[in-house]
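This report concerns aromatic pairing, nonpolar cores and strand pairing in one protein structure. Please consult the sequence and the coordinates alongside the text.

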Amino acid sequence: TSARKRFMEAKPLPYVANHSQKQSTDYLTDESLICPTPLFRHWYDWHMASAPRPQPFMAMLAAIPTFGIMMGNLYRGPTGLKANPYIVCLADTGEGKDWPRRMGKHLLKSCGRANCIGADVWGSDSGVERELSENNELLWYIDELNPFLRDIKNPNCPAYKNNIVTYMLTMSGGLAHDGKSLKDGEATIKIADPMPSIFACAQPDEFFQMLDDRLVANGFVNRNLIFLGHWIRRVEYGRKPKMLEECMPPELVKHYEDASKSVVNNAAMICGVRKKLFRYTISKEAIEFDKFMHDSCETLRLASSMNRDSTGKNIVVRSQEKTYRLAMIHAWSKDHTKKVIEADSLEWAWRLCKISDDFIISRCLGSKPVDGKYELNMEHMHKVIKRTGVDGVSRSDLVKRCKMPSEMFFDILRMLQVAGLIKEEEGKNGKGLRYIALDTPETEVNYTSITAKSTQTEAP
């Protein structure tokens with residue numbers, strides 16, 4: 001298909017990015033991303049008519065979890081996931097990051113879903129539990145996420161914030177949760193079939209300072225789609241903004257009402273609870289693209305697994321999961337009567353996930369230092385592995401023989417593998433994984449060129 005052809009030619013995720021090469025920001029004004037369906041177009045027109053400082057791309061990002069929470073708990077993706085993405089958008093103070101959140105809240109209130117709006121901050125773990133116990137479909141429009149991330153990165157993080165992270169991790173997939181209400185003493189809070197969703201904002205400078213391998217490996221960050229916002233000067237449009245309430249398109253509420261009627265008419269009511277689930281399937285036209293997406297994730301996962309501490313691996317394992325969530329929302333916004341994900345939905349969702357993954361990985365890894373220490377340690381590690389012959393050496397023995405920082409150890413190990421100097425394979429007689437040197441030409445190995453090349457290499 002044309003979608004698959006375009007993505008076969010697309011640039012792969014850069015697992016070792018270079019800060020000197022700025023990431024393209026053409027997507028910020030790409031109308032095919034911002035207005036992929038008529039429903040998103042209505043949202044865009046509403047934003048441009050009312051926002052004092054328009055943020056069209058951020059507005060589209062706010063629409064995604066808002067539409068997802070409007071879909072509710074009865075919809076499932078091809079793998080059983082719900083439409084509850086976690087999205088973080090970065091923008092400085094005064095750049096209009098508050099407006100998309102106000103739009104989402106106003107739309108949910110207009111649709112009678114005000115009970116789905118969570119607090120602006122996470123004040124306590126018991127508060128989060130209580131909110132979800134009162135309504136298991138909940139969307140938090142977080143005003144400023146940086147203080148929360150700063151605390152969970154700290155080894156002395158308050159226990160309640162670690163608990164909140166645990167809740168967001170376990171309940172993102174819909175796992176039931178049992179907790180205790182502090183207010184009611186020992187009374188147990190039961191949250192069945194939870195559907196938490198997040199749209200958070202953060203200031204980019206502080207966020208970039210905190211964003212590193214450790215924070216991403218936490219598990220919470222790599223479940224988020226993270227983007228950089230861009231605001232447009234109102235003077236370019238030559239008109240004053242209207243009031244938020246007076247220019248909201250009625251089509252947004254009508255789409256939700258029509259979808260709700262369809263759900264009620266088709267769902268079996270058992271003891272006052274809707275039991276039928278609406279599972280989205282992949283259309284025949286989209287199966288080829290879906291296979292390509294799956295193969296791409298597998299290729300990138302294998303490429304990043306060369307380095308056991310790789311940030312890339314933590315990100316990629318979630319790419320397909322996040323793509324399905326977005327594709328399901330796109331399909332619902334296009335036609336709520338069809339429970340089919342078509343190629344255009346997958347393509348749009350995959351493009352957004354690639355933008356987010358590239359962004360996070362490039363900010364986390366950056367350029368690895370090219371200095372004498374890397375070269376000398378690489379030469380020493382290579383010689384140690386060559387001396388072990390055909391039997392190879394285990395990682396634990398290699399760590400003992402090569403005294404160096406953990407991050408440098410895994411970086412050099414990956415570089416030697418990519419350069420084709422060593423390989424990793426299963427040892428004989430159940431000895432576990434071992435590293436074995438490969439036959440190399442008689443010419444002397446240039447470790448300097450290997451190190452320099454690795455700082456600009458992309459995943460295959």
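The following paragraphs treat aromatic pairs, then the nonpolar cores, and finally an open sheet.

**Aromatic pairs**

The model is predicted. Across the whole structure, a search identifies 16 aromatic pairs. One of them joins Phe148 and Phe220: the ring centres are 6.2 Å apart and the planes stand at 70 degrees, so the pair is edge-to-face. The assignment follows because planes over 60 degrees apart count as edge-to-face. Phe148 belongs to helix 7 (residues 146-153), whereas Phe220 sits in the loop between helix 10 (213-217) and strand 7 (224-228); the pair therefore ties together parts that are 72 residues apart in sequence. Phe148 has a relative accessibility of 6% and counts as buried. Phe220, at 1% relative accessibility, also counts as buried.

Another edge-to-face pair is formed by Phe409 and Phe410, with 5.3 Å from centre to centre and 90 degrees between the planes. Phe409 and Phe410 are both buried. The geometry of these two pairs is set out below.

| Pair | Centre-to-centre distance | Angle between planes |
|---|---|---|
| Phe148 and Phe220 | 6.2 Å | 70 degrees |
| Phe409 and Phe410 | 5.3 Å | 90 degrees |

Aromatic residues also gather in a cluster, whose members are Phe40, Trp43, Trp46, Phe67, Trp332 and Trp348.

In soluble globular proteins, nonpolar side chains tend to be buried together. The largest nonpolar core here contains 76 residues, and those touching the most other members are Trp43, Ile64, Phe67 and Leu107. Helix 4 (residues 56-71) makes the greatest contribution to this core, supplying twelve residues.

Which residues does Phe67 touch, not counting residues up to four places away in sequence? Its contacts are Leu39, Phe40, Trp43, Leu107, Leu252, Ile329, Trp332 and Ser333.

Three strands form an open sheet in the order 13-15-14, with antiparallel pairing. Strand 13 (393-394) and strand 14 (422-426) are the edge strands, each pairing on one side only. Between strand 14 and strand 15 (residues 433-437), the antiparallel pairing extends over five bridges. Within this arrangement, Ile436 of strand 15 stands opposite Lys423.

How values were computed. Residues numbered from 1 in each chain as written. Predicted model: local features only at pLDDT ≥ 70, side-chain atom pairs only at ≥ 80, totals over all residues. Heavy atoms only, no water. Phe/Tyr/Trp six-rings, centres within 6.5 Å; stacked < 30°, edge-to-face > 60°. Helix = DSSP H or I, 4+ residues; strand = E, 2+ residues; numbered from the N terminus. Buried < 20%, exposed > 50% of the residue type's maximum accessible area, 1.4 Å probe, protein only. Pairing = 2+ DSSP bridges. Core = buried A, V, L, I, M, F, W, Y, C linked by side-chain atoms within 4.5 Å. Contact = heavy atoms within 4.5 Å.
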